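Welcome! Please take a moment to look over the sequence and the fold before reading on.

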Amino acid sequence: MLDLSTYSGATRVFFVVGDPIAQVKSPAGVTAALRERGLDGICVPAHVSPADLAGWVAAITGMRNCDGIIVTVPHKFAALALCAGATPRAKSIGGVNVMRRDEAGRWFGDHCDGEGYVAGLRKAGCEPRSKRALLVGAGGAGSAIAHALVDAGVKSLALHEADGERREALARKLRAYGPVVPETGSQDPSGFDLVINATPMGMKPADPLPVELQRLSASTFVGDVVTMPEVPPLIEVARAKGCGTMTGKGMFEAVRDRMVAFYLEGTGAR
């Protein structure tokens, strides 16, 4: 339980903004992580509609004790336009999930979902460098993970996405972003060292599986972004085959830690 007696007028404020927001579990975890790293901060949820986002950010800009904003659905893409600057990967992805003050007090953005995912993979025992990777899903999560896999030095990256236009849009971004030329993938995981599901498939019992599990090799590492259920069907089958795995929970924890690091870089851990 958080100790409210530790908060004062000197406490720095960080918002997490989304629509809806009640399902978000990050405020307590981010607050605890900030304090564990020596920053007197608190993360507060903000329920803001897309139509009100620009006005809300303008108002928050005037709060001198507000150091950062965590951006969740559906605002990640719209929030980029509200930043005065952003990292190259955020610009390539076309969205941000974290915003902090620059030296002039303006907003600087990054998209660290993918970097957090890669950090989670490494913690789980999978080093992406030189791996042949298959990524299922080219939406917001998939786009961030794809960029991070390129940054991590994968040998090859195959994209499988039911929406061909969305897959090609991500492929164009990746071709301009880094040295790895993406390939068109399929549901066949044969020959891949790393398979990642970056879609919601697995959240509901009737969902189809993202890959052909009978073709999954025990030497393949399998990751998933699904957090509920905690062990989605893809991970359950992969574990039964002897594969190394990472669940969506592992991603969530790693992304949270990367978010906190992003803010501490901007505050100088004051």
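Which residues does His-111 touch, not counting residues up to four places away in sequence? They are Lys-76, Thr-87, Arg-89, Ala-90, Ile-93, Gly-95, Val-96, Asn-97 and Ala-144, where a contact means heavy atoms within 4.5 Å.

Before going further, note that this is a predicted model, in which local features need pLDDT of at least 70 and side-chain atom pairs count only at pLDDT 80 or more, while totals for chains, interfaces and linings use all residues. Residues are numbered from 1 along each chain as its sequence is written, and side-chain values use heavy atoms, leaving out hydrogens and water.

His-111 sits in the loop between β6 (107–110) and α5 (113–123). Helices (H or I, at least four residues) and strands (E, at least two) are DSSP runs, numbered from the N terminus.

Now to the aromatic rings. Searching the whole structure gives four aromatic pairs. One of them joins Phe-15 and Trp-56 edge-to-face, at 5.4 Å centre to centre and 80 degrees between the planes. Rings of Phe, Tyr and Trp (its six-membered ring) pair if their centres lie within 6.5 Å; planes under 30 degrees apart are stacked, over 60 edge-to-face and the rest tilted. Because Phe-15 belongs to strand β1 (residues 12–18) and Trp-56 to helix α2 (residues 53–61), the pair ties together parts 41 residues apart in sequence.

Elsewhere, Phe-14, Phe-108, Phe-262 and Tyr-263 make up one aromatic cluster.
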